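Please consult the sequence and structure below while reading.

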Amino acid sequence: MKQIIMSGMRPTGKLHLGHYLGVIQNWVQLQDQYECYFEVADWHALTTKYDQTKDLKQDVKDVVIDWLASGIDPEKSTIYVQSLVPETAELNIYLGMITPQAWVEKDPTLKDMARILRSKDSNAQQINYGLLGYPVLMSADILTFNAHAVPVGVDQVAHIEITRDIAKRFNHLYNTDFFNEAKPILNHCSLICGLDGQKMGKSFHNDIKISDTEEVTSKKIMSAITDKSRLRKDDPGHPEDCEVAFKYWKIFADEETVKNVECECKAGKRGCADCKRQLGACINEKLKEIREKRRYYEANPQEVDRIIAEGSQKARIKAQEVLSEVKNIIGMY
Ligand code: TRP
Ligand code: SF4
């Protein structure tokens, strides 16, 4: 029996290289060894964007297209949409009953989200009941499949801690060992920063999207910061102070190329503009296959719809098994 993996993303629209390198690449590697469930968390999107639902469906689809393009294989993994698996909402009720208020209130990720929400909208003085329930709902996602492990970015680890606590509490209260204590799986490749050297994010306008064209990618790369102390192109450069461009080289190019860039830069034999032109070409080459696949799915939206429908149906079958066991353990009718 394969161990079970569950993970998800909120439908924030088209994904960027931070998602790809930080999370999706990890999923792609795990899907051979594990039984995987990958969820587009549209209910979680509603916890903060309940009043901005116009593009929600398209955003869900765009996320799935990016996953498929990146190599998530619907023959190996189950791709589904959260709201199409209502069993999770029912499990959320049972978990909510046993989760102390203090556990959700101290959740650091939630505190961050509330802070950001307030800074964006001064009217949002309060957070809604649904947002407070974010970590419980995420626990319900994970426990819907009784997952053993959850591959995520570091920002999600606190949520998984709560999931383990809830699982332990359930087991203790109902005198069972039914729920596994899911472990986070972190990606050890270094995090890619944005074009400005800050964290890469859609709202910071410093990201490169999987779906960007080659032209857009090249243009964005030309705006990446380099060694700021360098005035002329034949000044000796300092790759270690080249905050973005050289870091990208290290992520996308092979060792020999990186060595070469480093030597030429230090010797003042490489201008930054040329360097970034080459870097853009290198990144475009790496993303070529993914982007081709993306265009295929974009042109065949009915195939994406079929994958979502079939995956969600498959997820429900597993979810129903777990839920009926949970109800049985609690002693429901
Ligand atoms: N909270 C996650 C994020 O913002 C998304 C998510 C929802 C998730 N449910 C999950 C991640 C279950 C892992 C497991 O990225
Ligand atoms: Fe960075 Fe390349 Fe310029 Fe050197 S030449 S500082 S590695 S962009």
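Between domain 1 and domain 2 an area of about 750 Å² is buried, and carbon and sulfur atoms give 78% of this area. Buried area here is the accessible area (1.4 Å probe) that two parts lose on being put together, summed over both. Leu17, Ala69 and Cys193 supply 53% of what domain 1 buries against domain 2, more than any other three residues.

The model is predicted: local features need pLDDT of at least 70 and side-chain atom pairs count only at pLDDT 80 or more, whereas totals for chains, interfaces and linings use all residues. Residues are numbered from 1 along each chain as its sequence is written, chains are lettered from A and ligands numbered from 1 in the order in which they are written, and side-chain values use heavy atoms, with hydrogens and water left out.

Domain 1 comprises 4-193 + 301-330 and domain 2 comprises 212-293, with bounds from an automatic or database domain assignment. The interface is summarised in the table.

| Property of the domain 1 and domain 2 pair | Value |
|---|---|
| Distance between C-alpha centres | 35 Å |
| Residues in contact (heavy atoms within 4.5 Å) | 9 residues of domain 1, 9 residues of domain 2 |
| Salt bridges (side-chain nitrogen of Lys or Arg within 4 Å of a carboxyl oxygen of Asp or Glu) | 0 salt bridges |

On the side of domain 1 that touches domain 2, the elements giving two or more residues are α1 (17-30) and α3 (56-70); helices are DSSP runs (H or I, at least four residues) and strands likewise (E, at least two), numbered from the N terminus. By class, this side of domain 1 has 7 nonpolar, 2 polar and no charged residues. Ala, Val, Leu, Ile, Met, Phe, Trp, Tyr, Cys and Pro count as nonpolar, Asp, Glu, Lys and Arg as charged, and the others, Gly among them, as polar.

The whole structure holds 19 salt bridges. In one of them, the side chains of aspartate 62 and lysine 14 meet at 3.8 Å, N to O. Aspartate 62 belongs to helix α3 and lysine 14 to the loop between β1 (4-9) and α1, so the pair ties together parts that are 48 residues apart in sequence.

Helix α14 (residues 301-330) is followed by glycine 331, whose phi is positive, near 105 degrees.

How values were computed. The expected span of a helix is 1.5 Å times one less than its number of residues.
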